[in-house]
Amino acid sequence: KDVPVRREGGRVVVPLQPGEQGLSISWKEARPMGFRDGNAAVRLPVEAANVMTTATVGEDRWVLWATGPQRGPAVRFWGMLALSLLGAVALGRIPRSPLGTWAWLLLLVGLTQAPLAGAVVSIGWFFVVRWRGEDSFGGLRPWMHNVAQVFMACLTAAMVGVLIFAVAAGLLGSPRMFILGNDSTQTALRWFEPRSGPVLPGCGVWSVSIWWYRLLMLLWALWLAWSLLKWLAAAWKAFATGGILRRAVAKDEAKAVVPAAPASVSQPPPLPGEASKP
């Protein structure tokens with residue numbers, strides 16, 4: 001049943017009856033959502049146990065970080081971003097790397113929004129294109145050359161598909177911050193504290209408008225479109241070098257024997273009075 005609110009300053013007094021009962025208290029705070037928000041401080045007259053806290057974040061916010069009890073959500077995106085930076089530096093230091101360190105860095109940052117298999121396919125495509133332009137590729141047998149050409153064409157289609165998926169997910173979807181822990185999601189962050197003092201545990205969420213994320217992804221998409229034209233042009237040049245497909249030439253089982261021309265014998269001219277002999 002509904003009970004009228006009885007307040008004494010900053011306290012809410014609730015009359016309780018003997019026996020087990022449930023109590024639900026709700027209130028609203030009229031304030032705009034800022035960069036960091038959290039639950040207000042709530043003090044109970046006694047200690048608490050099994051405290052569950054849920055922060056619901058709208059889809060128009062980009063969650064960057066979350067703090068609270070140990071059993072709660074973890075934003076794993078920043079760890080993956082750090083691994084991407086290390087991977088970009090390592091790829092840029094490979095001898096004759098297809099891309100520079102900054103190009104690898106920008107590419108891998110955007111591919112964090114794509115599945116891991118798609119990122120591996122995109123990275124492998126650059127090394128396949130580089131191998132296609134080397135002299136060692138021209139020494140392949142015709143059937144190996146044709147198989148490699150078909151594989152490169154399929155890999156190119158897969159790479160372009162992964163990049164289109166990453167751009168579409170960035171411009172139209174929600175950012176993948178890889179939030180896990182205590183059944184948390186992108187829009188519902190949940191914490192659990194088995195035992196608490198009179199003051200309930202505080203939780204905080206750092207977030208910004210989703211339009212900041214869309215702006216960054218738009219800049220990345222423009223850079224990607226400009227770079228992709230150059231990458232595909234270089235890939236086509238390498239793909240067409242030495243012919244797209246080769247036809248196998250059968251070996252001659254028998255060699256043609258060319259008869260030797262007869263040698264001409266020169267004879268001295270006949271002496272006067274001698275008859276010429278045939």
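**Entry: salt bridges.** I looked up R6 and E8 and found their side chains joined in a salt bridge, 3.4 Å from N to O. By that term I mean a side-chain nitrogen of Lys or Arg within 4 Å of a carboxyl oxygen of Asp or Glu. A note before I go on: this is a predicted model, where local features need pLDDT of at least 70 and side-chain atom pairs count only at pLDDT 80 or more, while totals for chains, interfaces and linings use all residues. Residues are numbered from 1 along each chain as its sequence is written, and side-chain values use heavy atoms, with hydrogens and water left out.

Next I checked accessibility (buried is under 20% relative accessible area, exposed over 50%, partly exposed in between; 1.4 Å probe, protein chains only). R6 is partly exposed at 49%, and E8 is partly exposed at 43%.

How many salt bridges does a search of the whole structure find? It finds two. The other joins the side chains of E47 and R195, at 3.6 Å from N to O. E47 lies in the loop between β3 (36-38) and β4 (48-56) and R195 in strand β8 (residues 188-196), so this pair ties together parts that are 148 residues apart in sequence. Helices (H or I, at least four residues) and strands (E, at least two) are DSSP runs, numbered from the N terminus. Both E47 and R195 are exposed.

**Entry: helix α1.** I turned to α1 (residues 77-92) and asked which of its residues are buried. They are F77, L81, S84, A88 and L91. An α-helix has 3.6 residues a turn, so residues three or four places apart point the same way. L83 and L86, on the other side of α1, are exposed. The buried residues pack against β6 (74-75), α2 (101-111) and α3 (116-132), with contact meaning heavy atoms within 4.5 Å.

**Entry: a sheet.** I then traced an open sheet of three strands, in the order β3-β9-β5 with antiparallel pairing. Its edge strands are β3 and β5 (61-67), each pairing on one side only; strands pair if DSSP finds at least two bridges between them. β5 and strand β9 (residues 204-209) pair over six bridges, and R61 stands opposite S209 in β9.
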